[in-house]
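Please read the points below with the model open beside you.

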Amino acid sequence: MTVPPQDPRGVRPDQPHRSARPSADGGPVQGAPAGPPRGGQQGPPPQQPQPQQPPQQGSPPQPTPPQQPAPPQQPAPPRPQGPQNRIIDTSSGRDDGLDKCPTCGGTDITYSLTAKALVCAYCRHEWNEVNAEEAFGLNTSIADLHGHTLASGTADVREDLTMMTLKCQGCGAEVVINVNQELQARCHWCRQTLSVNSQIPNGAVPDAVLPFQLTREEAIAQISAFADKRKAFAQGRFKSEFVPENVMGVYIPYLVVDGSMHAQLGGRGEVTTRQYTVRTGSGKNTRSETYYDADVYSVQRAFDLLVDDLTVESAQRFDARDNSHATNNILNAVQPYDTENAVAYNSNYLKNFTSERRDLNVRDVDDEVEEKFLSIARAKATPTIGRYDRGVRWEQEGVAVRGTRWVSVNVPVWLYSYADSAVGDGLVHYIAVNGRNGNTMGSVPVSHPKIFAVSCFAGSIAAVIGAVVGFGWFFAG
């Protein structure tokens, strides 16, 4: 994280410059000369060695006094060490293999969008896993965070771990699965469902899951309404090939961050003191120019900041900054997610849905998190600078992070994708629906000839109206 800027000792915050008029280049205010050091007392001067007197002649030699043993030196106090990373174990504690119903012991379990709960196919028992924040102590005060607190599901990803063997506790058979593609499989002998319950370090198993709330039918209605409003300028192929029933439920991996920090912002603000208009030229060449006089102030803001549940994408495939092949940026537009309601991971929540594997580590998104922390700090400082009617330009800014807490959470998204069939490697357009609150955003391939035709038509109408108005003024004059 960035180090906050040093406090300029020679500048009093929010005080105007001493110059009669502000400098045109807007340079920094010159600080007062530094004074003597404060709070320190001068120590005694170093003692000079005393010369030894030679013994006088004829006098007996004086005995040398015994030397006093040097006092034992006190051991130096230990140097303070930086806060170490604290790991919170969020694993379920269950062995890989059978994930049984707590009532009847059945393994055929699915998540029901109607019941909003896990449902056993045998006894019809309904239940949900415990709230992740309460179960793992992730709801403690953010102000008390020091160093980095990492949930065990945020461990660094190992790309070499792809295959895993599950042993069936029912019949003893062993089933090999590709954990990059699936986290459940059926035993080929007894047909029981086997699940990956341990947090394998390939990024596929998160700390928590935020289950779907919107049904498939509700998502289809949202996507259809979004596309219908934009079909006027859409490509003809999109209208004929648009099938909203192809929507898929996807769990997207996010890293959720809490942070305790101290923010410092420094810059220059301007307050208007006079506004006047000057006319130049003559006749038809007369023009008016508006000028402003303003006082320039040095503005400093420093405050503590607590950030709760900041979400960051942790899958490169859906990186919002890369839109060369797909409109990934729309995924951030359907936020926010109520991640405080996420439940402890259970692979049965992912059944009948697809899930993306996390392939970014904490260090990979650290710079992005820092930029978001700075954006939040600027937003918090905005209400305090209203008196500067010409604005404030921040020249120094930084956050000193005291502590963070990282948790990996899979969030629900209903996703519709459309690739132009006439283009081989064309842009993939996404329409996304937040699986919790229904927020919808997407992109639709537009027809450029239609847009050009509408622009020409609008230009022609504007030209006709201008001509009519011009002729009216001409004949009226």
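1. A cavity here is a set of points, on a 1 Å grid over the protein atoms alone, where a 1.4 Å probe fits but cannot get out, and its lining residues are those with an atom within 4 Å of a point. This is a predicted model, in which local features need pLDDT of at least 70 and side-chain atom pairs count only at pLDDT 80 or more, while totals for chains, interfaces and linings use all residues. Residues are numbered from 1 along each chain as its sequence is written, and side-chain values use heavy atoms, with hydrogens and water left out.

2. The protein contains six helices and 19 strands, taken as DSSP runs (H or I of at least four residues for helices, E of at least two for strands) and numbered from the N terminus. Of its 477 residues, 40% count as buried, that is, under 20% relative accessible area with a 1.4 Å probe and protein chains only. Where residues at least 6 apart in sequence are in contact (heavy atoms within 4.5 Å), 75% of these contacts join residues at least 24 apart.

3. Helix H1 (132–136), strand E13 (248–280) and strand E17 (392–419) each supply at least two lining residues, and the largest share, three residues, comes from E17.

4. The second largest cavity, of about 60 Å³, is lined by 13 residues, of which Gly 203, Pro 206, Pro 253, Arg 358 and Asn 410 lie nearest its centre. E13 and E17 are the elements that give two or more residues to this lining, and E17 gives the most, with three. The lining of this second cavity comprises six nonpolar, five polar and two charged residues.

5. Which residues of H5 are buried? They are Asp 366, Val 369, Glu 370, Phe 373, Leu 374, Ala 377 and Ala 381, and they lie on the same side of H5 because they cover an arc of only 140° around the axis, the arc being that of the directions from the helix axis to the C-beta atoms. These buried residues pack against E13, strand E14 (287–313) and E17.

Conventions:
On a 1 Å grid over the protein atoms alone, a cavity is a set of points where a 1.4 Å probe fits but cannot get out, and a pocket is an open set with protein on both sides within 12 Å along at least five of seven lines; lining residues have an atom within 4 Å of a point. Grid points are joined across faces, edges and corners, and a volume is the space filled by probe spheres set on the points. Ala, Val, Leu, Ile, Met, Phe, Trp, Tyr, Cys and Pro count as nonpolar, Asp, Glu, Lys and Arg as charged, and the others, Gly among them, as polar. Buried means under 20% relative accessible area, exposed over 50%, partly exposed in between (1.4 Å probe, protein chains only).
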